[in-house]
Amino acid sequence: GKYNTSDKEKEEEAALEKEEKEKEEKEEKEEEEEDDEKVKEVEKEKGKEGEKEEKEDPEEGSKEEKEERTAEGEAKAPRASRRPRTMQVKVTLLDDTVYECELQKHARGQELFMKVCDHLNLLEKDYFGLTIWESSTMKTWMDLSKEIRRTAIGGNYNFTFNVKFYPPDPAQLSEDITRYYLCLQLRKDILQGRLPCSFVTLALLGSYALQSELGEYDPEVQSPDYAKDMKMVQGQTKELEDKMMELHRTYRSMTPAQADLMFLENAKKLSMYGVDLHQAKDLDGVDITLGVCASGLMVYKDKLRINRFPWPKVLKVSYKRSSFFIKIRPSEVEQYESAIGFKLPNYKAAKKLWKVCVEHHTFFRLTSNEMATTPRKFLALGSKFRYSGRTQAQTRQASSLIDRPAPLFQRSSSKRNSRSLDGGTLLAERDSGVLLSAQTITSETISTTTTTQITKTVKGGISETRIEKRIVITGDTEIDHDKALAQAIKEAKEQHPDMSVTKVVVHQETEITPE
């Protein structure tokens with residue numbers, strides 16, 4: 001009887017897969033039809049505008065047109081009343097506030113996403129995404145290239161804004177505001193149990209969160225149990241709060257932005273940092289969890305990692321019905337590439353996992369997303385899906401071009417101005433001037449690493465921007481120092497024409513390689 005059941009299962013899955021594909025095709029067809037309808041509507045609108053203009057000086061022709069149009073209007077009226085032209089959308093942000101807007105019914109996800117990012121004053125958008133919740137624990141990332149109403153579940157236009165790609169090195173982000181939103185996401189991950197940490201780490205992270213939101217400890221302002229409002233974990237103990245406060249009291253002249261960075265430097269080391277989890281079974285039917293992150297695909301059993309497949313070793317990911325497969329690059333000693341399979345709850349879950357893998361691999365591994373469409377396909381089963389956003393390499397490049405003063409924003413619970421500590425009147429007495437913002441950008445080519453440190457200060461009423469570039473050139477061949485130096489000065493002048501080069505230091509190191 002066992003044989004029959006598995007056959008029956010296969011039939012059901014095949015039917016489900018077929019249904020899903022037909023649904024996709026139908027949606028595409030409908031989209032095309034609606035695009036045509038949209039064009040008609042636009043023409044009709046234009047007609048109406050024309051009609052308004054004609055009203056002042058009515059002519060014979062417009063009357064006939066009007067009658068014709070009214071007839072057309074009557075024919076379409078019942079349909080119009082059934083289908084509103086706009087939709088109300090709500091997006092819950094990382095600080096739990098809700099952003100609401102009205103969009104045209106055909107609006108795509110990208111339009112909503114850009115609106116949310118503008119509302120948040122966020123430029124480094126590529127690490128974030130919009131989430132559709134199927135249940136309190138089941139989420140799917142919105143495909144921003146599709147119409148929102150196609151991806152929304154049952155006409156529910158409530159979404160959340162979340163970090164989708166967790167940067168492995170948050171210090172390389174260009175703006176403090178981006179780091180702040182990443183901190184808020186990680187605090188959610190910890191609170192909801194997705195990011196387990198030890199008592200010591202929790203206390204440390206909690207103390208940085210206090211510093212970020214409240215600034216330095218002030219016994220006159222803070223009550224004896226002020227940490228109880230900082231919810232770090234479910235069932236938070238007084239012991240944890242005491243430890244958070246004890247650490248927080250030791251911080252001196254640490255700005256909110258520095259506190260956020262310290263928070264991230266500690267959080268990024270946690271083993272579950274930025275891991276997107278999917279329930280599955282191995283081929284023996286044993287329950288496991290598959291985790292997708294910046295470095296590759298992880299396999300967990302009873303909360304312990306039992307295997308990891310780094311992206312460089314993964315040749316291909318594919319799915320068929322409810323099975324998910326990865327093809328592994330052979331090591332030096334092996335001749336053949338090996339394939340490993342996993343069983344997911346259903347076809348939809350397998351496709352979702354596959355999509356998340358493709359996106360992470362493209363974002364973190366490739367320099368540009370064009371490379372993802374080359375014939376050596378990492379994807380399989382010819383599904384039409386391609387990751388269409390920018391890759392991390394592209395977003396870092398774009399970030400290095402951000403040229404705006406550090407935006408002012410409020411850190412959530414305390415609602416105090418982030419710059420009140422980052423350079424308020426408190427520091428004005430110092431003769432080194434008031435630090436307005438500090439930014440570090442790192443860019444790499446094959447043989448050079450350039451670290452640019454930009455600091456903006458106000459000194460005696462005059463603002464000053466200092467840019468320090470540290471260029472490390474590596475190579476096996478002799479490097480022409482004068483040429484490299486001239487090139488660096490030339491580039492610096494081209495990038496910042498209004499600035500003068502005040503100091504150049506050249507430092508040479510030769511590594512002796514053992515024969």
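Biologist: Where is Val116 found?

Modeller: Val116 is found in helix H3; helices (H or I, at least four residues) and strands (E, at least two) are DSSP runs, numbered from the N terminus. Please keep in mind that this is a predicted model, in which local features need pLDDT of at least 70 and side-chain atom pairs count only at pLDDT 80 or more, while totals for chains, interfaces and linings use all residues. Residues are numbered from 1 along each chain as its sequence is written, and side-chain values use heavy atoms, with hydrogens and water left out.

Biologist: Is Val116 buried or exposed?

Modeller: Val116 is buried, because its relative accessible area is 0%. Buried means under 20% relative accessible area, exposed over 50%, and partly exposed in between (1.4 Å probe, protein chains only).

Biologist: Which residues is Val116 in contact with, leaving aside neighbours within four places in sequence?

Modeller: With those neighbours left aside, Val116 is in contact with Val91, Leu93, Tyr99 and Phe161, where contact means heavy atoms within 4.5 Å. Val116 and Phe161 are 45 residues apart in sequence, yet 8.2 Å apart in space, C-alpha to C-alpha.

Biologist: Which other residues are buried in H3?

Modeller: Besides Val116, the buried residues of H3 are Gly109, Leu112, Phe113, Cys117 and Leu120. Seen down the axis of H3, the buried residues fall within an arc of 135°, so they line one face of the helix; the arc is that of the directions from the helix axis to the C-beta atoms.

Biologist: Why do residues three or four places apart point the same way?

Modeller: An α-helix has 3.6 residues a turn, so residues at that spacing point the same way.

Biologist: What covers the buried residues of H3?

Modeller: The cover includes strands E1 (86-92), E2 (98-104), E3 (128-133) and E5, together with helices H4 (148-151) and H5.

Biologist: How many residues has H3, and what follows it?

Modeller: H3 (residues 109-120) has 12 residues and reaches 17 Å from its first C-alpha to its last, close to the 16 Å expected at 1.5 Å a residue. The expected span is 1.5 Å times one less than the number of residues. Asn121 follows H3 and has a positive phi, near 60°.

Biologist: Let us turn to H6. How many of its residues are buried?

Modeller: In H6, 12 of the 16 residues are buried, so this helix is largely enclosed by the rest of the structure. Among them are Thr201, Leu205, Tyr208, Gln211 and Glu213. The end C-alpha atoms of H6 (residues 199-214) are 22 Å apart, which agrees with the 22 Å that its residues should span. Just after H6, Gly215 takes a positive phi of about 80°.

Biologist: Now the aromatic residues. How many aromatic pairs are there?

Modeller: The count comes to 12 aromatic pairs. Rings of Phe, Tyr and Trp (its six-membered ring) pair if their centres lie within 6.5 Å; planes under 30 degrees apart count as stacked, over 60 as edge-to-face and the rest as tilted. Tyr166 and Tyr273 form an edge-to-face pair, 5.6 Å centre to centre with 80° between the planes.

Biologist: What does that pair tie together?

Modeller: Tyr166 lies in the loop between strand E5 (158-163) and helix H5 (176-191), and Tyr273 in the loop between helix H8 (256-267) and strand E6 (276-281), so the pair ties together parts that are 107 residues apart in sequence. Tyr166 counts as buried at 12% relative accessibility, and Tyr273 is buried with a relative accessible area of 9%.

Biologist: Which residues form an aromatic cluster?

Modeller: Tyr127, Phe165, Phe363 and Phe364 form one aromatic cluster.

Biologist: Finally, how many helices and strands does the protein have?

Modeller: The protein has 12 helices and 17 strands, and buried residues make up 38% of its 515 residues.
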